[in-house]
Amino acid sequence: MRANPLQSLARSNVAQTVYRHVKEIGSIRLFNNDTDLSHLQILYLYYLSLYESLYTDLSMQEEYLTQEVIDDEIRVEAYLLYRKVNRKNKQKPNNKKSIIDNAGEGSLIFRRKSK
Amino acid sequence: MDNQKKVLAKEALQALAEIESTTNMENLVKDNKIEFVVADKTYRIRKPSFVERQNIDTIRRKEYLRLMADESYFFRKTWIEKYLKKGIDINAMESKVKAFQGEIEAVLLRLAVAVEPKDVELLKKEIYSLRDAQFSLSMETTDLLAHSIENQLLVFTNSYTTFVVLEQKVGEDWNKLFESYSDFMASDSKVIEQAFMYINYLVYNHIGEGK
C-alpha cells in the first residue's frame, strides 16, 4: 500500500525538529501564512502532534511500540487504537475514585468573600 | 544484474519516489496557495478569502434553491427509498460499511500486539483485504447517490470555489483565469483538472452544509 506522503513528512526527523522548535521558540514559523490555514496544513499539524506523541511514547518505552512500528502507517494506526482502548479500560475502574480523590485535595474551592 | 542488485535498485527507486512525493508535499503544505505548471505556464489556486467564501456561500444557497425547484432532482433520502423499491438497500450497504470498520478494528488490535514478522504480515494483508472490500462497497453507495441534491451541491461548490481561486501568473501578477463561471465550465483543460485535484487540499469538503 502506498505511503501517505503527508504522514511521511510529519514523521521525518526534520519536520519533528522544526515542530519542536516552533513550539519552544515563538519566532520560528511553520508556514508562510500564520492564519487561514488550508485543509492540508491542518492535517499536517495533526500528524505532527500525533508523531510527537508517538516519539514520546517510544522514549517512555511503551509496550508494543518500536521505531519499526512508527515507520509503518498501518502499525501506527493499530498502536493508536490499542493505546486508546487501553487508556479507556484503565480509566474505567478508577473514574469514580479519581473524582473522589480530587475533591479531597488540590481542587479549587470558591468561597464568598467575608464582609 | 543479479537478484540482490535488482532488489537494491527497486528499493532505491521506491525511496526516491517517496522523497519526491514528500518534497512535493512540503511544497504544498508551506502555504495556503498551491502553484502548478501546465504547458510552461504557471497557475495557482489559493484558499478563498472571507469575502469570497461569503460569495461562494450565497451562490451555493441559490444553487440549492434551484436544485430544490427542479423536479428531476431528489434528496439522498428519496433516492434511498427509490433504490429500495428496485431491490437495492443502501441503508443495508452503509451498515455493512460500518460493520467492516468493526472487523478492521478487531484485526488492528491483534496487529498492535503482534510481534512475529510473519503474524504482522498476515494481519496487515487481512486489513488491506477488508479495507478494499469496505472501499468498494463505499464507492458503490457513493456512485448510486451521485445524483442526489446533496452530492450535486457538493460538486457544484467545489467547481465554483475552483473557478473563484484559479489564477494565472502574468509577469509578476496573478490574474483570474476565467472571467465567468460559464467560461470555466465550458473549458476542458488540463489546468482545471489539476486545479480540481488540489482544491480539496485547501478547502474542506462542504458536504452536508448545503442547507
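1. Let's start with how chain B is divided up. The domain assignment gives domain 1 (33–72 + 149–211) and domain 2 (74–146); bounds like these come from an automatic or database domain assignment. The C-alpha centres of the two domains of chain B lie 31 Å apart.

2. A word on what you're looking at. This is a predicted model, where local features need pLDDT of at least 70, side-chain atom pairs count only at pLDDT 80 or more, and totals for chains, interfaces and linings use all residues. Residues are numbered from 1 along each chain as its sequence is written, while chains are lettered from A and ligands numbered from 1 in the order in which they are written.

3. Now the parts list. Chain B has eight helices and four strands, and from the N terminus on its elements run α-β-β-α-α-α-α-α-β-β-α-α. Helices (H or I, at least four residues) and strands (E, at least two) are DSSP runs, numbered from the N terminus.

4. Next, the sheet. Chain B has an open sheet of four strands in the order S1-S2-S3-S4, with antiparallel pairing. Its edge strands are S1 (33–38) and S4 (173–176) of chain B, each of which pairs on one side only. The twist averages 35° from one strand to the next. For pairing to count, DSSP has to find at least two bridges between two strands. If strand pairing is new to you: strands of a sheet pair through backbone hydrogen bonds, either parallel or antiparallel.

5. Look at the S3–S4 end of that sheet. Four bridges join strand S3 (residues 166–170) of chain B to S4(B), and the two run antiparallel. One pair to find on screen is B:Lys169 with its bridge partner in S4(B), B:Trp174. The hairpin of S3(B) and S4(B) has two residues between the strands, and B:Gly171 takes a positive phi near 65° there.

6. What lies across the sheet? Helix H8 (residues 190–202) of chain B lies across S1, strand S2 (41–46) and S3 of chain B, and runs at about 160° to S1(B). Axes here are lines fitted to C-alpha atoms, for helices over the stretch in contact, and angles run from 0 to 180 degrees between N-to-C directions.

7. How do the chains meet? 25 residues of chain A are in contact with 25 residues of chain B; contact means that the C-beta atoms, placed from the backbone, lie within 7 Å. On the chain A side, the elements giving two or more residues are helix H1 (5–11), helix H3 (39–59) and helix H5 (73–104) of chain A. H5(A) gives the most, with eight residues. The residues on this side of chain A divide into 16 nonpolar, six polar and three charged. Here Ala, Val, Leu, Ile, Met, Phe, Trp, Tyr, Cys and Pro count as nonpolar, Asp, Glu, Lys and Arg as charged, and the others, Gly among them, as polar.

8. On to the inside. The largest nonpolar core has 39 residues, and those touching the most other members are A:Ala10, B:Ile45, B:Leu108, B:Leu111, B:Leu166 and B:Leu202. Such a core is a set of buried Ala, Val, Leu, Ile, Met, Phe, Trp, Tyr and Cys residues joined through C-beta atoms within 7 Å. This core draws at least three residues from each of domain 1 and domain 2 of chain B. Leaving aside its neighbours within four places in sequence, B:Leu111 is in contact with A:Arg75 and A:Ala78, as well as B:Val120, B:Leu123, B:Lys124 and B:Ile127.

9. Is B:Tyr83 buried, exposed or partly exposed? B:Tyr83 is partly exposed, because 17 other C-beta atoms lie within 10 Å. The cut-offs are 20 or more for buried, 12 or fewer for exposed, and partly exposed in between, with C-beta atoms placed from the backbone. B:Tyr83 sits in helix H3 (residues 76–85) of chain B. Beyond neighbours within four places in sequence, B:Tyr83 is in contact with B:Ile88, B:Ile90 and B:Leu144.

10. Finally, a loop to check. A:Gln61 lies in the loop between H3 and helix H4 (67–70) of chain A, and has a positive phi near 55° although not a glycine.

How values were computed
Contact = placed C-beta atoms within 7 Å.
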